[in-house]
Each structure stands twice: as structure tokens, then as C-alpha cells.
Amino acid sequence: MNQATRYKPVFSFEFFPPKNAEGVERLRRTRQRLTALQPAYFSVTFGAGGSTRDRTLDTVLEIQREGRAEAAPHISCISASRGELLDLLQTYRDNGVRRLVALRGDLPSGTGGRLGEFRYAAELVAFIRENFGDQFKIEVAAYPEFHPQAASAEKDLEHFRQKVAAGADSAITQYFYNADAYTAFLERVRAMGVGIPIVPGIMPITNYTQLARFSDACGAEIPRFIRKRLEAYGDDTASIRAFGIEVVTRLCARLLEDGAPGIHFYSMNQAAAAEAIWKNLGLGELRASA
Ligand code: FAD
């Protein structure tokens, strides 16, 4: 890592709300380990359609109560009413939450297709600003490899610009393994006048089957050289993890060298891979000397 990266990047970790008591305990242990890395915040995902509403809220409130790291709930608008969103936002605000990840969300199958009053994340961002002014810092999603439902790459960029114009403070990207996709995305949105920080979202590689399934759904490309190596490891999870840590460390190092404003780790509620990448990157030392 060169001297150019010696500023204070923002690091954060994403969790999903656990489904049962065992998951809650596991996440507590993960959080304890990751808190030691002093992240800027922990974000907690939200099942579009409200399927995890209470579990997301419980997880966020537990982090807030603990007071050792900031919690940032994800909030999605696709099948919510204004009244439901207002209630939830007020609850978060009254519990000291100051940062949100504002999304459209994907309608889960089996919800009966209730679409709600908002169609796009830009409308949610505008609604939050209208009702809460600057009480929340708002993160939005960005797609260096483009959103899978976008009518075209150009339109997707324009829709991203609209989200920022509606009041987003910064963005977190969908995960990617091709650093050039991030660089090209940045160049294009900067040329459109978008100046907010765009933090790479990074998915550590620990399980190939799961990664392939997620990537198909969200449109993130797994480069052939990674896919072929992971396929060849079969059930050898130790080799998958070791190779995953190596590849993702290299990706993060390049992004930080190129000036990325931080990293958002999709932790999948696990600490080990993110910790290993963190250590390889020397981020503890970087923070201590910043
Ligand atoms: P938008 O920005 O609204 O874009 C969605 C699509 O609509 C894009 O194709 C865009 O080009 C298009 N579009 C936007 N505006 C217009 C317009 N005016 N006219 C026509 N087309 C338009 N999902 C969850 O359910 N829960 C989570 O907690 C969650 N967390 C996430 C966190 C991050 C960092 C990321 C990157 C994604 C997350 N997702 C989550 C997934 C996300 O909800 C999906 O990718 C969803 O399909 C799009 O959400 P968005 O906020 O990016 O939508």
C-alpha cells in the first residue's frame, strides 16, 4: 500500500438479521470480533416486503444499546406504505439511529405482489429528506456492473444520478471482483456531476455454491479465473477460503491504492474472512497511524 492511501477510509460491515436464538448468539460473537476493528458502522439488511422488519429492528436496537458501534438499518420501500415507513423511520430516529441504507428492494416471491406507494429508491430518499431533513445520513446502492433489471447501462447511471440528486450522502456498491468495473463506474458518474463517496461493497469468498447463486440473482460477475479455481476445489473448503482471501485481499488493496473511500464488507454474519483480509491489508496499522 502506498502513501497515497494514508487517509482515513471508512470501513463498515453488513449483517443480516438472524432467524433464531442460535443465530442471534452467533451474530453477537461475530459482532464482538468485528467491533475490535473499530468500523464506522454495522449495517443490517431488511427483507423487502417487511419480512424481517422486527428482526432488523431488534438487531439494530441491540447494536445501538451496546453503544460500541453505530448501527445503520437498511430500509426498503417496494411494498411499504408511507405510514409504515414513517413509523419505522421515527422509531429509528428516536432510538438514536443517524444513518440509513435506503433501497428499493426486491419483492420476495410469495408476497402477493403488493407494490406499495414507491417504485424506486430515489422516491424513498426524497421522502426521508422531506420528513426528516438532515437527521439521517443516507447511503444508497450503486451497481458498477449495472443493475440486472436496468433498461440500459446509460439509464441505470442516470437513475443512480437521480438517487443522489434526491439527497443521498454516499453510496455502497453491489459486490464485484473486477476492479475496472468500479473505476469505470466512478469515471462515468463523476463526469455526470456526481461527487458523493462511492464505497466498494466487498463479498469475501467462503462458499462457492452460495456465491454463484447470489451472483446469478444480483448480476455480479464472477470472473472466469476465479470461477474455474473455485470449481476445481470442489468440497475442499479450506482451499476455497484461502484462495478467496488471497483474491479479495488483492482486490481491496488495489481499490484502496486507487483511492476508494473505504470498504463495506458483506460479512454474511461471519468474522473470520473479513478479519483475515483486514489483517492482510494492514488496516489496523493504517488506522493507528491515520
Ligand atoms: P433503484 O435505485 O430504485 O433501482 C432499481 C432499478 O430501477 C434499476 O434497474 C434502475 O435503473 C431502475 N430505475 C430507477 N429509477 C427509475 C426510473 N425513474 N424509471 C425507470 N427505471 C428506474 N435488498 C433488500 O431487499 N434488502 C436489503 O437490505 C438490501 N441491501 C442492499 C445493500 C446494498 C449495498 C446493495 C447494493 C443492494 C441491496 N439490496 C437489498 C438489493 C436491492 O434492493 C436490489 O438490488 C433492488 O433490485 C434495487 O434496489 P435499489 O435501491 O438499487 O433500486
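How many cavities of 30 Å³ or more are there? The count comes to three. A cavity here is a set of points on a 1 Å grid over the protein atoms alone where a 1.4 Å probe fits but cannot get out; its volume is the space filled by probe spheres set on the points, which are joined across faces, edges and corners.

The model is predicted, so local features need pLDDT of at least 70 and side-chain atom pairs pLDDT 80 or more, while totals for chains, interfaces and linings use all residues. Residues are numbered from 1 along each chain as its sequence is written, and side-chain values use heavy atoms, without hydrogens and water.

The volume of the largest cavity is about 70 Å³.

Next, select Met203, Pro204, Ile205, Thr206, Asn207, Gln210, Leu211, Phe214 and Met268, the lining of the second largest cavity. The second largest cavity has a volume of about 60 Å³.

Then move to helices α1 (residues 21–35) and α2 (residues 53–66), whose axes come within 12 Å and cross at roughly 40 degrees. Helices are DSSP runs (H or I, at least four residues), numbered from the N terminus; axes are lines fitted to C-alpha atoms over the stretch in contact, with angles from 0 to 180 degrees between N-to-C directions.

Finally, display Val24, Leu27, Arg28 and Arg31 of α1, which meet Thr59, Glu62, Ile63 and Glu66 of α2 (contact means heavy atoms within 4.5 Å).

Conventions:
1 Å grid on protein atoms, 1.4 Å probe; cavity = no way out; pocket = protein on both sides within 12 Å on 5 of 7 lines; lining within 4 Å. Helix = DSSP H or I, 4+ residues; strand = E, 2+ residues; numbered from the N terminus.
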